[in-house]
Amino acid sequence: MTLILFWSAAAMVAYAYVLFPALVVLRGVLFRRGFVSRDTEPTVSIVVVAHNEARGIRHKLDNLLSLDYPRDRLEILVASDGSVDGTDEIVSSYADRGIRLLSFPRRGKIPALNDAVDLATGEILVFSDANSLYAEDAVRALVRPFADPSIGGVAGDQRYLPSTGENDTGERAYWNFDRMLKQSLSRAGSVTSATGAIYAIRRSLFVPAPSSVTDDFAVSTAVVLQGYRLVFSPQSVAYEPAATSTKFEFQRKVRIITRGLRGVVVRRPLLNPLRYGFYALQLFSHKVARRLVVLPLLVILVTTVLLWPQGGFYQWSAAALGAFLLCAALGALFARTRMGRCKLFALPCYFCMVNAASLQALFNLVGGRRIELWDTQRGVSTTEQPIRAAACAHEREVAS
């Protein structure tokens, strides 16, 4: 029985981290589905939900006003979710430059987002986090795929600004991996969902997001639910600072995964392969199997110890697992040092942190705990970093 548990758990982990990504890449090569992408200028409404973002909201607004998109076809809405730190006053000072403040009582991000969309007038809705900075051509690139009537939504490319945060190495590695998957998924069909930093959908396809789920997941997957494609645009770049604290990042991951798992429950019709084909498999694999891989990992941890007396492979497995956990512990212990940011220690540390967050999120889901209100922890840097840093980084990438 112990052997069966060990190998079953190992197969689950291998599927989540190796077999499924390999299948995605292979499918992207063998079953390409092209789509029309050309310059077009539909009316666009950018929706930003902010709660107590006074520290960096000026940078965000200046960034949006600098976008390379016709101002007479661009509407910018800032939905303030009960801000009490001066955010409303700062946004109001931009009224003469065409930015509209929507001040709501504190209810949570999703009610504010839903109400803001009700007041938006653009053909295309663009959603953005309050601390993300767009490359100058981001919106123009984001709307190009909408020239194809089969495209209902476009996911942009979230990237991180240079930083020395505790999670910088691990977070960047995760998003590099995620970017590769999105490119392959988009070539053959739809990406699983968009990231909240930068994505767009047709206004006609917006479905109000239910409470207690991740808004970007709910809004973007509604496009697929209605029979349209959700594709990836690597040219549509948004920059964000990496989390500066492991504690803050852990709390953020718990919140995102808790709401994300609840979102899959809400969107469970998409898990039907008879109707949604490969997308059903990728939704389960990406948003369920990978997030719950902590369970087979725990089984491997226990069974490896129990199988030690059998020697050989199992002793080597136990030694490798012990070395991995030691590296993770050293990564956590020296997180604020150069040593802690070395990939040898940072990646195991980040991997363990994310899976610990997944376990806590699973407890939240089973226990019926809903996360609807939270105070964002931006750390020391966040959007106080110069906008030009993002622009320069984008220019370097384009040139290379």
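Student: Which side chain does the side chain of D178 make a polar contact with?

Tutor: The side chain of K182, at 2.5 Å. A polar contact here is a pair of N or O atoms within 3.5 Å; within protein, one must be able to donate a hydrogen and the other to accept it, and residues adjacent in sequence count only if both atoms are side-chain atoms.

Student: What kind of model is this, before I go on?

Tutor: This is a predicted model, where local features need pLDDT of at least 70 and side-chain atom pairs count only at pLDDT 80 or more, while totals for chains, interfaces and linings use all residues. Residues are numbered from 1 along each chain as its sequence is written, and side-chain values use heavy atoms, with hydrogens and water left out.

Student: OK, back to D178. Where does it lie, and is it buried or exposed?

Tutor: D178 lies in helix α6, residues 168–188. D178 counts as buried because its relative accessibility is 3%. The cut-offs are under 20% relative accessible area for buried, over 50% for exposed and partly exposed in between, using a 1.4 Å probe and protein chains only.

Student: And D157, which strand is that in?

Tutor: Strand β6, residues 151–161. D157 is buried too, with a relative accessible area of 2%. Its side chain joins that of R159 in a polar contact of 2.7 Å.

Student: What else is D157 in contact with, leaving aside neighbours within four places in sequence?

Tutor: R179, I198, F232, S233, P234, S236, V237 and A238. Contact means heavy atoms within 4.5 Å.

Student: Switching to the whole chain. How many helices and strands are there?

Tutor: The protein chain has 14 helices and 8 strands. Those are DSSP runs numbered from the N terminus: H or I over at least four residues for helices, E over at least two for strands.

Student: How much of the chain is buried?

Tutor: Of its 400 residues, 53% count as buried. Also, among contacts with a separation of 6 or more, 81% come from residues 24 or more positions apart.

Student: What about the box its C-alpha atoms fill?

Tutor: Roughly 75 × 50 × 45 Å, taken along the principal axes.

Student: Let's look at α4. Which of its residues are buried?

Tutor: In α4, residues 109–119, the buried ones are I110, A112, L113, N114, A116 and V117. Their cover includes strands β1 (44–50), β2 (74–81), β3 (99–104) and β4 (124–128), plus helices α7 (215–225) and α8 (246–266).

Student: How far is V47 from I110?

Tutor: They are 12 Å apart in space, C-alpha to C-alpha, and 63 residues apart in sequence.

Student: And V366, buried or exposed?

Tutor: Exposed, at 69% relative accessibility. V366 is in helix α13, residues 343–366. Its C-alpha is 9.9 Å from that of T258, 108 residues away along the chain.

Student: Last topic: what is phi of N52?

Tutor: Near 55°, a positive value in a residue other than glycine. Most residues other than glycine have a negative phi. N52 is in the loop between β1 and α2 (57–65), and counts as partly exposed at 29% relative accessibility.

Student: Where is S212 found?

Tutor: In the loop between β7 (199–202) and α7. S212 has a positive phi of about 70° although it is not a glycine, and S212 is buried, with a relative accessible area of 2%.
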